[in-house]
Amino acid sequence: MKTDLTVDTKGMACPMPIVKAKKALDSLQVGQVMEVLSTDKGSVNDFQAWVKQTKHELLSHEEDNGIYKFYVRKI
């Protein structure tokens, strides 16, 4: 997937992946896509809840060898 920005939050615990993602997303234009990398298992639920609250679009999320990848489009 083509992304405009990658945010690496590996090794950070809740709530830091969301905090870093929010700050990064603020720098994007509407329609751009951000990739967030996390090793926090709780981030799956955290990102699903966060995009519902903020109305951004969670395009997909996947897990690969303990690294969670989230793709969020700014709305």
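Predicted model: local features only at pLDDT ≥ 70, side-chain atom pairs only at ≥ 80, totals over all residues.
Read along the sequence, the protein follows the pattern β-α-β-α-β-β, and it accordingly has two helices and four strands. The radius of gyration is 11 Å, close to the 11 Å that the globule rule gives for 75 residues, so the protein is as compact as a globular protein of that length.

**Overall build**

- Taken along the principal axes, the box that the C-alpha atoms of the protein fill is roughly 30 × 25 × 15 Å.
- Of the 75 residues in the protein, 35% are buried, where a residue is called buried if its relative accessible area is under 20%.

**How the two helices pack**

- Helix H1, which covers residues 16–26, packs against helix H2, which covers residues 43–54, at an angle of about 40°, and the axes of the two helices are 10 Å apart.
- That angle makes H1 oblique to H2, because an angle under 35 degrees would be needed for the two to count as roughly parallel, and one of 65 to 115 for roughly perpendicular.
- The crossing of H1 and H2 is right-handed.
- On the side of H1, the contact is made by Pro-17, Ile-18, Ala-21, Lys-22 and Leu-25, while H2 contributes Asp-46, Phe-47 and Trp-50.
- Sorted by class, the contact of H1 with H2 has six nonpolar residues and two charged ones, with no polar residues.

**Backbone features in the loops**

- Most residues other than glycine have a negative phi, and most peptide bonds are trans.
- Cys-14 and Pro-15 are joined by a cis peptide bond, for which omega is about 10°.
- Pro-15 lies in the loop between strand S1 (5–8) and H1, and Cys-14 has its place in the loop between S1 and H1 as well.
- Lys-55 is a residue other than glycine with a positive phi, near 70°, and it lies in the loop between H2 and strand S3 (57–64).
- With a relative accessible area of 62%, Lys-55 is exposed, since the cut-off for exposed is over 50%.
- Asn-65 is not a glycine either, although its phi is positive at about 55°, and its position is in the loop between S3 and strand S4 (67–73).
- Asn-65 has a relative accessible area of 75% and is therefore exposed.

**Two residues and their contacts**

- Where residues up to four places away in sequence are not counted, Cys-14 touches Asp-40 and Asp-46.
- Cys-14 and Asp-40 are 26 residues apart along the chain, yet their C-alpha atoms are separated by 7.2 Å.
- Asp-46, the other residue that Cys-14 touches, is also one of the residues of H2 that make the contact with H1.
- Ser-43 has its place in helix H2, and because its relative accessibility is 1%, Ser-43 counts as buried.
- If neighbours within four places in sequence are left aside, Ser-43 is in contact with Ser-38, Tyr-68 and Phe-70.

Conventions: Residues numbered from 1 in each chain as written. Heavy atoms only, no water. Axes fitted to C-alpha atoms, helices over the stretch in contact; angles between N-to-C directions. Parallel < 35°, antiparallel > 145°, perpendicular 65-115°, else oblique. Left-handed = near helix turned anticlockwise from the far one by under 90°. Contact = heavy atoms within 4.5 Å. Nonpolar A, V, L, I, M, F, W, Y, C, P; charged D, E, K, R; others polar. Buried < 20%, exposed > 50% of the residue type's maximum accessible area, 1.4 Å probe, protein only. Rg over C-alpha atoms; globule rule 2.2 N^0.38 Å.
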